[in-house]
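Here are my notes for you to read alongside the model. Have the sequence open too, and check each point as you go.

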Amino acid sequence: MDFVGQHILSVDQFERIDIERLFDVADEMEPYARRTRITRVLEGAILSSMFFEPSTRTRISFGCAFNLLGGEVRETTEVKALSLAKGESLHDTARVLSGYSDIIVMRHPRAGSVSEFAQASRVPVINGGDGPNEHPSQALLDLYTIRKEMHEQGRGIDELRIALVGDLKYGRAVHSLCKVLGLFRSITFQLVSPPGLELADDLADVLRARGHRVNVIHDMEAGISHVDIVYVTRTQEERFPSPEAARRYRGLFRLNQAVYTEHCEPNTVIMHPMPRDSRRQARELDEDLDANPNLAIFRQTDNGVLLRMALFAMVLDVADRVHVGAQAVHWYTARRTPR
Ligand code: NCD
């Protein structure tokens, strides 16, 4: 795939080789993300960041990634602040905004909305999450993290054993992650959800057809033993038909240090796209795991900046020029070590 000028809407766009190229560029971003060097390769470029659903990591890390490449960010976080609230269509909004910016990142609560928007845009659009459908940049940063974590253990991604735990029905990060992992070889997917929140059958069938092992499991403790990665997700309460329907699932699956010690292998890596639901009744990923060196959630968030910088650099065709004219940083910078 040629990244230049492309919309990034779904992980279905990628082959394994494209992902490997993207990861090589992400590795190159390390000194800039760690503030040991600065580059101005996107000086003059404008990102329109449009997030119509709550977001901390995705929105801010996309913005920082663009800033770290030297570009400017225009941010809108509420539909009511835009003419969409006056009945303007996504089409017209896209046509207009693409006249003001070089690239757009968008999150929207409806599946398919970001693609619809992209069709009317004259500049590349990156999907920051479209309802329960997809979240491509999250899946890519998760896979990038998995690659690094497995590398530490002297392994690659092929033959990975991963437990995906929680709301596999509405969780878009999981949907995209399953698809990208499907590009690798002989993956074991433990699909661990409460009854009613299983991964869609068609997606599980695609993985089986590609030769992966896919097990549907309703017992968390059974599902998380004998895996390299346990990837926990939040119940996506905002996507349920009613608050009562969502509440029935609150707190059903909880991973904490005691459960981990009893059921996981000693070096099982713990991941979560975040936010974790820290309310007392929920707590799918307990804070008592924060001292566990295998907890990779903050390495995931750090990697998100590298990966998003790489996406911008490739789509805007500056990946080869990032280091040209780069300078040392002359202000105080805290040490940012990966662990
Ligand atoms: C995820 C999302 O928005 O889909 N969050 C994120 O972008 N890191 C997962 C979630 O909200 O639970």
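**Notes on the fold and the ligand site**

1. Strand S2 (residues 46-51) and strand S3 (residues 72-76) run parallel, with 5 bridges joining them. Two strands count as paired if DSSP finds at least two bridges between them; strands are DSSP runs of E with at least two residues, helices are runs of H or I with at least four, and both are numbered from the N terminus. Look for Ile46, whose bridge partner in S3 is Glu72.

2. A word on the source: this is a predicted model, where local features need pLDDT of at least 70, side-chain atom pairs count only at pLDDT 80 or more, and totals for chains, interfaces and linings use all residues. Residues are numbered from 1 along each chain as its sequence is written, and side-chain values use heavy atoms, leaving out hydrogens and water.

3. Now the ligand: which residues surround it? Among them are Thr58, Arg107, His135, Gln138, Met274 and Pro275 (a heavy atom within 4 Å counts as near).

4. Pro275 sits in the loop between strand S10 (269-271) and helix H12 (297-315). Most peptide bonds are trans.
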